[in-house]
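Me: I've got a model open and want to talk through how it's put together. Can you take my questions one at a time?

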Amino acid sequence: MTRIVELTEDHISSDQEHTCLAVNQHPFVLPPKLARLIDDQLRHSTPRHSTTAGRRYLLPGQTPDARVIPSASPTR
């Protein structure tokens, strides 16, 4: 979970045929529907969902600067 929240646009690469997600330097081809969702997310993300280096998070939360604790279970 801690690695997923750190994914940025730098982890995505694409060409005319495929969109890939790089995990530990290894690119994995994304299914077309997921590739479109990621593309839409990046196209519509706002500056507040950016890192200090200006890269955009793939899966921004409500407060992107807040620390995520994966072991904490949500209350219902």
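Me: How many residues does α1 have, and what span does α1 reach from its first C-alpha to its last?

Reply: Quick caveats: this is a predicted model, where local features need pLDDT of at least 70, side-chain atom pairs count only at pLDDT 80 or more, and totals for chains, interfaces and linings use all residues. Residues are numbered from 1 along each chain as its sequence is written, and side-chain values use heavy atoms, with hydrogens and water left out. Helices (H or I, at least four residues) and strands (E, at least two) are DSSP runs numbered from the N terminus, and the expected span of a helix is 1.5 Å times one less than its number of residues. At 1.5 Å a residue you'd expect 18 Å, and α1 comes close to that: 13 residues, reaching 18 Å.

Me: Which residues of α1 are buried?

Reply: Buried means under 20% relative accessible area, exposed over 50%, and partly exposed in between (1.4 Å probe, protein chains only). Going by that, the buried residues of α1 are Ala-35, Ile-38 and Leu-42.

Me: Why do the buried residues of α1 line one face of the helix?

Reply: Start with the residues themselves: Ala-35, Ile-38 and Leu-42. Looking down the axis of α1, you see them fall within a limited arc, so they line one face; the arc (taken from the directions from the helix axis to the C-beta atoms) is 65 degrees.

Me: Which residues are exposed on the other side of α1?

Reply: The buried residues have cover that includes β1 (12-14) and β2. Over on the other side, the exposed ones are Lys-33, Arg-36, Leu-37, Arg-43 and His-44.

Me: Which residues are linked in a network of salt bridges?

Reply: A salt bridge is a side-chain nitrogen of Lys or Arg within 4 Å of a carboxyl oxygen of Asp or Glu, and the structure holds 2. Asp-39 pairs with Arg-43, with closest N and O atoms 2.3 Å apart, while Asp-40 meets Arg-43 at 2.9 Å, N to O. The network links Asp-39, Asp-40 and Arg-43.

Me: How many residues apart are Asp-39 and Arg-43 in helix α1?

Reply: Helix α1 covers residues 32-44. Asp-39 is partly exposed at 40% relative accessible area, and Asp-40, at 34%, is partly exposed too. Asp-40 and Arg-43 are 3 residues apart, about one turn of the helix. Asp-39 and Arg-43 are also separated by about one helical turn, being 4 residues apart.

Me: Which residues is Ala-22 in contact with, leaving aside its neighbours within four places in sequence?

Reply: Ala-22 has its place in strand β2 (residues 19-23), and at 25% relative accessibility it counts as partly exposed. Contact means heavy atoms within 4.5 Å. Once those neighbours are set aside, the contacts of Ala-22 are His-11 and Pro-27.
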